[in-house]
Amino acid sequence: MKERDVIEVNHLNKTFKIKHKAAGFLGSVKSLFKPNITEIKAVDNISFNIKQGEIVAFIGPNGAGKSTTIKILTGILFPTSGQVKIAGFVPWEERTKLSYKIGSVFGQKPQLWYHLPAIDTFNLFSKIYELDEREYKSRLNYLVKIFEINDLLDIPVRRLSLGQRMKCEIVASLLHRPEILLLDEPTIGLDIIAKQKIRELIRELNKKEKVTILLTSHDTQDIENLCKRIIIINHGRIVYDGEVESLNKEYLKSKIISVKFENPFKSFSLSGVKILKSEEYFASFEIDLTKISVKEFIDFIIKKCSILDINISGTPIEEVITKIYQQK
Amino acid sequence: MKKYFEIAKINFLNSFAYFGEFFFHAIFILLILFIFTNMWKAVYSGKELIEGFTLSMMIWYLLMAESIVTSSPGFVKEVNTEVQNGEIAYKLNKPYNYILYHFAKSFSRRIINFTLTFILGAVLIYFLIGGFDFKIYSLFFLVLILFLAMTLDFFISMSIALLSFWLEDSNSLRWIYDKLLFTIGGMLVPLEIFPTWLAKIAGVLPFSFIAYSPAKLFVRFSFVDFFNVFAIQISYIIIFGCITWIIYKRGVRRLNVNGG
Amino acid sequence: MVAKKNSQNSIKKTAKFMLEYFKINLQSIMEYRISFITQASFMFVNDIFWVIFWAIFFNKFPSINNWVFTDIMAMFVVITCAWGLVGTVFGNFKNIAEIIRDGQLDFYLALPKEELSHILISKLKFDAFGDLLFGIILAIIFVPFAKLPLLLVLVLVSSIIILGFAIILGSLSFYMGSSVEVANQGLMGILTLASYPFSVFSGFTRIFLLTLIPAGFITGVPVELLKLFDWKWFLLMLAFAGIVLGISLIIFKKGVKRYESGNLINARI
């Protein structure tokens with residue numbers, strides 16, 4: 001059975017009219033009578049479709065139009081032009097109906113009531129989403145089991161560790177069985193083990209329930225671990241929409257090679273080779289694969305110096321993304 | 001030369017921003033003046049004098065009393081914080097300087113608050129009911145009494161603030177003090193309005209020498225009253241100055257004993 | 001038949017929703033017991049101070065434009081009960097401007113419940129309990145038993161006016177970038193004006209207080225109605241409350257539309 005498109009975005013445009021006003025009381029008065037308006041094109045002709053069950057990374061530098069797009073998808077903002085359909089609804093027209101189908105977790109903006117045990121927020125959500133009592137109870141038990149938060153339920157949220165809190169946040173967002181889950185910085189501030197655990201849980205969830213996940217995260221490990229597909233937005237436009245793997249290949253035009261020497265390192269210059277770091281017996285280089293191949297570089301360096309150890313690594317995905325951000 | 005001009009300009013602009021902010025807060029004071037003007041008009045309806053005050057004297061009294069009390073810059077919080085997080089330890093070397101430091105700091109703010117409040121209120125009142133027979137010669141003496149009143153208020157407030165050496169938060173005490181100023185301090189109405197027994201009590205307590213006495217001298221000056229008030233203010237200042245000093249010393253000692 | 005059941009259902013659901021929030025709010029009281037007791041007590045004591053002040057004042061001047069001590073006590077009952085009621089049920093009524101300014105509105109918009117009521121009931125003001133308790137006690141002392149039902153109605157209508165006024169001021173944030181200061185001053189202003197004998201105001205001021213800053217309808221008219229009931233003024237008060245609430249809802253809804261278009265004043269040079 002062909003998986004349906006659960007998010008459809010077609011030629012989306014959003015232009016803001018911003019009034020500039022000088023600071024202070026006088027500035028406010030002046031702007032009432034002679035406003036200084038500029039137009040900002042936050043989203044510029046964006047189109048993409050996401051199928052049910054996909055986990056897609058949606059990233060871009062600050063001010064790239066990312067949060068504007070998300071706001072439009074959740075129906076909080078309406079666009080200047082373009083069509084959007086989420087789970088069959090036009091977001092800004094049927095926001096209430098859509099809200100039953102979407103769950104969201106914002107790493108920086110918690111939804112759980114800080115001073116109360118998580119269970120109280122869960123109960124509140126069950127009333128907000130008008131969940132049937134019995135269904136809610138069984139759903140809650142199920143999620144509590146998977147996320148292993150049974151012992152945490154009655155503890156005030158402010159006494160939980162960040163990782164524990166995050167698990168509860170995600171559970172809260174899933175109580176109403178949303179088709180789509182928006183995760184914004186879900187692992188921010190967590191230690192390595194907690195991060196891995198959360199990612200595991202998200203993957204499992206996606207496998208079992210086919211929840212479509214849109215992940216916005218500055219943590220590239222999150223992306224590499226969870227997402228097959230990545231959409232990169234910059235200056236309001238999509239600059240990359242494809243597989244995470246291909247990202248490396250397409251933009252991987254350099255490698256980093258670090259070498260340990262037997263004799264003190266003497267600097268040199270070679271076309272396509274940039275010396276990143278150098279110490280007495282150690283140096284690391286970035287080689288531009290369009291100008292020189294790995295073999296050529298190794299042949300060169302072996303002839304030049306006596307080598308004790310050599311290490312070759314690809315450009316981390318972070319750099320790839322940064323490069324993309326810096327384009328244009 | 002240009003550098004000083006820049007400094008002056010920044011301060012000037014700052015004061016504009018401050019003025020804008022201040023204006024909002026001044027609305028409360030102006031509102032009270034407006035309401036009480038209406039209230040007293042209704043009370044006076046026809047009468048010339050009540051307890052020796054004419055209608056306009058009553059309103060100008062209120063303005064003065066209000067300006068004094070509301071001009072108090074909040075340093076209780078600051079002192080609380082300094083005590084709580086031990087910052088005060090750094091300022092220990094010159095003990096009496098800590099208190100004087102706060103005195104100087106708050107006084108400059110207070111004078112600005114008072115002046116702005118008074119001028120703003122005066123404009124409103126003059127527009128509403130006109131002026132009164134102010135004795136120009138009393139100006140000097142009045143300023144002196146005002147200074148003493150604010151000083152007394154400072155020492156009482158400071159004692160309360162320094163109690164944070166022992167209490168976690170002396171804000172509630174501060175709040176009670178404010179309420180006392182409002183009522184038996186004579187901020188809202190002069191003590192002549194109180195039943196005699198209450199007026200007598202209020203007349204001996206220090207609170208009335210912060211609001212009532214200066215305000216009354218302002219609208220009804222007499223040298224006899226002046227000397228009385230002067231003497232008692234000085235006495236209370238000495239008393240509360242000592243109390244502040246003692247609390248401070250004890251508190252600092254406690255800090256040292258407990259390791260700060 | 002189905003439509004009736006649906007609307008019954010939705011009333012039940014709304015009630016459940018509000019009840020759940022009230023439960024959570026009560027729990028937060030338990031969690032922050034000390035702060036609750038402190039704030040509620042302070043408000044209570046604050047109110048006592050005012051009663052003492054008025055007792056002193058009316059002891060000297062028994063009648064001010066026909067208002068006597070029991071009238072001012074009635075005024076106090078109305079304002080503390082109404083203000084306290086709004087604070088306990090719709091505890092966020094003073095924070096609307098801030099919520100809009102800080103973008104917290106997004107949180108409420110993304111949820112299935114109607115956002116204005118959701119905003120309002122998601123908080124409970126601790127000191128409002130002090131006011132409410134004080135008002136009730138004062139009512140028992142000063143308001144004749146026979147007049148209590150009328151008092152209840154007047155307090156409810158007064159609360160509606162306060163709520164509507166607060167919503168209007170808060171919603172200005174949609175149009176002004178931030179109306180936090182204006183809202184704070186406006187609410188402080190109307191509370192102050194409603195805490196003094198209305199009988200002293202006349203002419204232009206009186207009209208002003210019965211329209212733009214309706215302190216007159218919040219305490220002035222209720223006290224007069226308690227002294228001497230008058231159908232004309234009672235109906236006028238009801239109508240006024242309805243109008244204010246209606247206008248407030250319109251302004252808020254329009255403001256949300258504006259918010260959703262994203263064109264707010266938000267840049268500073």
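Tutor: pLDDT is the predictor's confidence in each residue, on a scale from 0 to 100. By that score chain C averages 90, and 95% of its residues score at least 70. This is a predicted model, in which local features need pLDDT of at least 70, side-chain atom pairs count only at pLDDT 80 or more, and totals for chains, interfaces and linings use all residues. Residues are numbered from 1 along each chain as its sequence is written, chains are lettered from A and ligands numbered from 1 in the order in which they are written, and side-chain values use heavy atoms, with hydrogens and water left out.

For the complex, the predictor gives an ipTM of 0.88 and a pTM of 0.82. Two pairs of chains touch, and the pair with the most contacts is A and C; a contact means heavy atoms within 4.5 Å. Between chain A and chain B there is no contact, and their closest C-alpha atoms lie 7 Å apart.

The part to look at is in chain A. There, six strands form an open sheet with mixed pairing, in the order E5-E6-E7-E3-E8-E9. Strands (E, at least two residues) and helices (H or I, at least four) are DSSP runs, numbered from the N terminus, and two strands pair if DSSP finds at least two bridges between them. Strand E5 (102-106) and strand E9 (237-243) of chain A are the edges, each pairing on one side only. From one strand to the next the twist averages 15 degrees. Axes here are lines fitted to C-alpha atoms, for helices over the stretch in contact, and angles run from 0 to 180 degrees between N-to-C directions.

Within the sheet, strand E3 (residues 55-59) of chain A runs parallel to strand E8 (residues 229-234) of chain A, and four bridges join them. Across this pairing, Ala57(A) stands opposite Ile230(A) in E8(A). Strands of a sheet pair through backbone hydrogen bonds, either parallel or antiparallel.

Helices also meet this sheet. Helix H6 (residues 162-174) of chain A packs on it, touching E5 and strand E6 (180-184) of chain A. The direction of H6(A) makes about 160 degrees with that of E5(A). Helix H11 (residues 317-326) of chain A lies across E3, E8 and E9 of chain A, and H11(A) runs at about 35 degrees to E8(A).
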